[in-house]
There are 2 protein chains.
Amino acid sequence: MRFTIQRDRLVQSVQDVMKAVTSRTTIPILTGIKIVASDEGVALTGSDSDISIESFIPKTEEDEVIVNIEQPGSIVLQAKFFSEIVKKLPTDQVEIHVENHLQTVITSGKSQFNLNGIDADEYPHLPQIEEDNVFSIPTDLLKAMVRQTVFAVSTSETRPILTGVNWQIEGSALTCIATDSHRLALRKATIETASEASYNVVIPGKSLSELSKILDDHNDTIQIVITENQVLFKAKNLLFFSRLLEGNYPDTSRLIPNESKTDVVVTTKAFLQAIDRASLLAREGKNNVVKLSTVDDQVIEISSNSPEIGKVIEELPSISKEGEDLKISFSAKFMMDALKTLEGTEIKISFTGAMRPFIITPLNDDSILQLILPVRTY
Amino acid sequence: MRFTIQRDRLVQSVQDVMKAVTSRTTIPILTGIKIVASDEGVALTGSDSDISIESFIPKTEEDEVIVNIEQPGSIVLQAKFFSEIVKKLPTDQVEIHVENHLQTVITSGKSQFNLNGIDADEYPHLPQIEEDNVFSIPTDLLKAMVRQTVFAVSTSETRPILTGVNWQIEGSALTCIATDSHRLALRKATIETASEASYNVVIPGKSLSELSKILDDHNDTIQIVITENQVLFKAKNLLFFSRLLEGNYPDTSRLIPNESKTDVVVTTKAFLQAIDRASLLAREGKNNVVKLSTVDDQVIEISSNSPEIGKVIEELPSISKEGEDLKISFSAKFMMDALKTLEGTEIKISFTGAMRPFIITPLNDDSILQLILPVRTY
């Protein structure tokens, strides 16, 4: 193998596939990056066996030569060193060349690295995916849907299925749901698809977070292929594979109340800041609980009390309030997490009593819903 | 105590005194910030008993009212909560008011915090310092001198005296020296003073680092007062006290060679980058050692070899080379630390053999000197 490549393109691709490489793997070869030089260009692959990422660097792009292949071939190089080295090389062009015995020479200007490589035939094969049913979604929408749901997955392995986000597809309707059983995030969107197939799968939260980090807004559309145990996201020159979680996701539809007894509309930003301040003292107590009380139709009060430190009272104007008066306690962290995902300037909070889950939605937008279970304090 | 104050000024002063507050103290009241409101303004104090910082906020500045004192008084508030609270208050004006039983009310718009305070009489007094001998130094020069020496102090407590920077003052000559016994940094400067007193003291490296962070470049000149066991740095509205380290600093003058056998001049940036790349593979071995060899009068070679990973060779043009050929090994980290403190575009490295300490200086500037002990590899 011998090729010359633009350093910046190599650095970008290495950074992308590094998202899938972990040093904590039981399969030693997965601490490496696989490099395959073919007549079409150079493909880099990283994998931690849950996530696999392939980034392709084409020979030419818009008539500009990016890679010059002198001899096709393949090698696996230690990801930790290879990624650090390419970032710091002195010149714009880099030559990579495999000599006898898998010795790989990386040359850039007067800088020359010799790395011990590993035979690429020993690298595990990526999943083979039949692309029968493909649906597509704009990149920015996909990133928004991930951001608005993935924070709510469980971080505990006691119910592994809850560490993933439930994707339900029926025709052109995609619904993403995440819950850790104390709160729930739900986001709906319309996707493009040629098929009428329906899916109900659970994608690991970590996979979606990593995917989101890699996708830049240059990619217009992401194609998605779902199989029995894998999902593949395809962007330009990028393949992102994730395994699916096994098991049945709980039916969350019954958790979401259909009616409410108290509806409050507030300004998102002022409400978020008041919760943030009230939580400054609540954070010390382990539970981080704040209390919300309706004072009258124009004012709500957020408060918190930690006897050893002090107390805080925040008064906040409510744009509207309908229904019964209410006192309710909840996790300030869950509320702030939820509020940060809502894009509107005003939100509606719908309560059905101090002991029942309540929902937060942007005003006049039913594509997103955040649900929080209150905390008993009386 | 009751006063109203501009929030941004309060936030800035709290941030400054927080540099001296640590949660790991055996004296509980030192986890607090002392607030004293007098007819002149508000003084905040933080201390960890090694460092004490007092920040003063005057009532008015350039005819603008900053503090409105309604009732003088004092209180100590938990630093962790007080600093977080003031940062997040909603309005530009903040009222702080001590009620009965040390209850302190912080009000800003519709946000009201009640904090349990501590009696300010229980707070330790700051050292009393006689200001007989004062010398002064421009802020940017002081910050440069700290940056160019403090990195070389020892981080080990086996010889506590080496965790400080040795300040030697004779008349108007200030010399700062730091060493961890494997390398040494020395910086000289001229200061303004009315006295002929001479000093030889050791200031904890940590104190100097914190001082550097607080001083912004608005402060023109810093006044310095040294006593038997304390040093006081005075800037506008700021007092910074540090204890001095006890004991005699070793005589380092004999460590610095007066003559050399090989002198090499190189471009600082290219040399730093070559060392950085060569150390990528060396870092893995615990010692982080790279080798420098003179190839001929125009070229030097930096190399490193880690049998399990690979090797790297960097060729670098030398602007000039005088004297014997040389092969020498040293810590890449020490070399990079030293190079980052040198401001010139070209540096001279003066060697007196592969086993002797060598020195790095900017070309045509003898106010700064970095010394490194080589590593034996043969």
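Tutor: Welcome! Taken over C-alpha atoms, the centres of domain 2 of chain A and domain 3 of chain A are separated by 28 Å. Keep in mind that this is a predicted model.

Student: Where do domain 2 and domain 3 lie in chain A?

Tutor: The domain assignment places domain 2 at 134-253 and domain 3 at 257-372, and it also gives a domain 1 at 2-122.

Student: How do you know that domain 2 and domain 3 of chain A are in contact?

Tutor: Contact asks for heavy atoms within 4.5 Å. By that test, 11 residues of domain 2 of chain A are in contact with 14 residues of domain 3 of chain A. The two domains also bury about 1,100 Å² between them, with 49% of that on carbon and sulfur atoms.

Student: What makes A:Asp337 and A:Arg183 a salt bridge?

Tutor: Set the value against the cut-off. The closest N and O atoms of A:Asp337 and A:Arg183 are 2.7 Å apart. The limit is 4 Å between a side-chain nitrogen of Lys or Arg and a carboxyl oxygen of Asp or Glu, so the pair qualifies as a salt bridge. Between domain 2 and domain 3 of chain A, the count of salt bridges is 2.

Student: Now chain B. Why is helix α3 (residues 139-149) of chain B called largely enclosed?

Tutor: A residue is buried when its relative accessible area is under 20%. In α3 of chain B, 8 of the 11 residues are buried, so the helix is largely enclosed by the rest of the structure. Among them are B:Leu141, B:Leu142, B:Met145 and B:Val146, along with B:Gln148.

Student: And how much of chain A counts as buried?

Tutor: Of its 378 residues, 55% count as buried. Chain A has 6 helices and 29 strands, and its C-alpha atoms fill a box of roughly 80 × 50 × 40 Å along the principal axes.

Technical notes: Residues are numbered from 1 along each chain as its sequence is written. Chains are lettered from A and ligands numbered from 1 in the order in which they are written. This is a predicted model: local features need pLDDT of at least 70, side-chain atom pairs count only at pLDDT 80 or more; totals for chains, interfaces and linings use all residues. Side-chain values use heavy atoms; hydrogens and water are left out. Domain bounds come from an automatic or database domain assignment. Buried area is the accessible area (1.4 Å probe) that two parts lose on being put together, summed over both. Buried means under 20% relative accessible area, exposed over 50%, partly exposed in between (1.4 Å probe, protein chains only). Helices (H or I, at least four residues) and strands (E, at least two) are DSSP runs, numbered from the N terminus.
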